[in-house]
Amino acid sequence: MAADTVFTKIIAGEIPAKILVETENVIAFPDLNPQAKVHILVIPKTTEYDNVTQLAAADPALLAEIVGVAQKLASEHANGDYRLIFNSGASAGQTVFHVHAHVLAGDLEERSLVG
Ligand code: AMP
């Protein structure tokens with residue numbers, strides 16, 4: 001079980017965020033420090049998983065829901081193309097240990113991050 005984080009407070013409404021999507025299981029809101037024209041975080045409401053590896057192993061349907069919400073947001077806020085990033089581990093840049101997808105879209109450089 002992940003410890004309480006800033007995202008726990010957003011889920012509880014204790015820290016304000018502009019909720020763009022809310023389902024029974026997930027919420028999405030803009031990243032405070034956007035790295036692209038569209039930069040939205042999609043997070044599960046459960047605090048059970050601190051990274052995507054744990055989430056994928058325990059609840060693949062919830063991971064699939066996060067991907068579906070990412071696609072919907074990219075279609076609503078950009079042209080439907082998107083980059084999906086899960087930083088996993090501190091040395092990979094993860095700062096909030098409540099699993100979250102970064103959805104980046106709109107005016108992305110036309111190259112992938114690798115290759
Ligand atoms: P990561 O570095 O992958 O753990 O991503 C954490 C993200 O959370 C960073 O991109 C932060 O900008 C973002 N963040 C932190 N606090 C907030 C907040 N209150 N509202 C929205 N985004 C936040």
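Biologist: Before we start, what do buried, partly exposed and exposed mean here?

Modeller: A residue is buried if its relative accessible area is under 20%, and exposed if that area is over 50%. Partly exposed covers what lies in between. Please also keep in mind that this is a predicted model.

Biologist: Then is Asp107 buried or exposed?

Modeller: Asp107 has a relative accessibility of 70%, and therefore it counts as exposed. Its place is in the segment after β5, the strand that spans 101-105.

Biologist: What is the phi of Asp107?

Modeller: Its phi is positive, at about 55°, although Asp107 is not a glycine.

Biologist: Let us turn to the ligand. How many residues surround the ligand, and which are the closest?

Modeller: The ligand is surrounded by 16 residues. The closest are Asp31, Asn87, Gly93, Thr95 and His102.

Biologist: How far is a polar side-chain atom of Asp31 from an oxygen atom of the ligand?

Modeller: That distance is 2.5 Å for Asp31. In the side chain of Asn87, an N or O atom is 2.9 Å from an oxygen atom of the ligand. Gly93 takes part through its backbone instead: one of its backbone N or O atoms lies 2.8 Å from a ligand oxygen.

Biologist: And how much of the ligand does the protein bury?

Modeller: The ligand exposes 510 Å² when taken alone, and the protein buries 83% of that area.

Biologist: Where does the ligand sit?

Modeller: It sits in the largest pocket.

Biologist: Which elements give two or more residues to the shell around the ligand?

Modeller: These are the helix α1, residues 6-11, and the strand β2, residues 26-30. Helix α1 gives the most, with three residues.

Biologist: What is the shell like by class?

Modeller: The shell around the ligand has eight nonpolar residues, seven polar residues and one charged residue.

Biologist: A new topic, then. Where does Asn51 lie?

Modeller: Asn51 is in the loop that runs between β3 (38-44) and α2 (52-58). Tyr49 has its place in the loop between β3 and α2 as well.

Biologist: Why does Asn51 count as buried?

Modeller: Asn51 counts as buried because its relative accessibility is 18%, and the cut-off for buried is under 20%. Tyr49 has a relative accessible area of 9%, so Tyr49 is buried too.

Biologist: Which side chain does the side chain of Asn51 contact?

Modeller: The side chain of Asn51 makes a polar contact with the side chain of Asp50, at 3.1 Å.

Biologist: How far apart are the C-alpha atoms of Tyr49 and Asp59?

Modeller: They are separated by 9.6 Å, and the two residues are ten apart along the chain. For Glu76 and Asp59, which are 17 residues apart along the chain, the C-alpha separation is 26 Å.

Biologist: Where is Glu76, and what does Glu76 count as?

Modeller: Glu76 belongs to helix α3, residues 60-77. Its relative accessibility is 46%, so Glu76 counts as partly exposed.

Biologist: What about Val69, buried or exposed?

Modeller: Val69 is also found in helix α3. Because its relative accessibility is 6%, Val69 counts as buried.

Biologist: And how many residues apart along the chain are Val69 and Thr23?

Modeller: They are 46 residues apart along the chain, and their C-alpha atoms are separated by 9.4 Å.

Conventions: Residues numbered from 1 in each chain as written. Predicted model: local features only at pLDDT ≥ 70, side-chain atom pairs only at ≥ 80, totals over all residues. Heavy atoms only, no water. Near = heavy atom within 4 Å. Polar contact = N/O pair within 3.5 Å; in protein donor to acceptor, adjacent residues only side chain to side chain. Areas by Shrake-Rupley, 256 points an atom, 1.4 Å probe, with all protein chains shown as cover. 1 Å grid on protein atoms, 1.4 Å probe; cavity = no way out; pocket = protein on both sides within 12 Å on 5 of 7 lines; lining within 4 Å. Sits in = over half its atoms within 2 Å of the grid points. Helix = DSSP H or I, 4+ residues; strand = E, 2+ residues; numbered from the N terminus. Nonpolar A, V, L, I, M, F, W, Y, C, P; charged D, E, K, R; others polar. Buried < 20%, exposed > 50% of the residue type's maximum accessible area, 1.4 Å probe, protein only.
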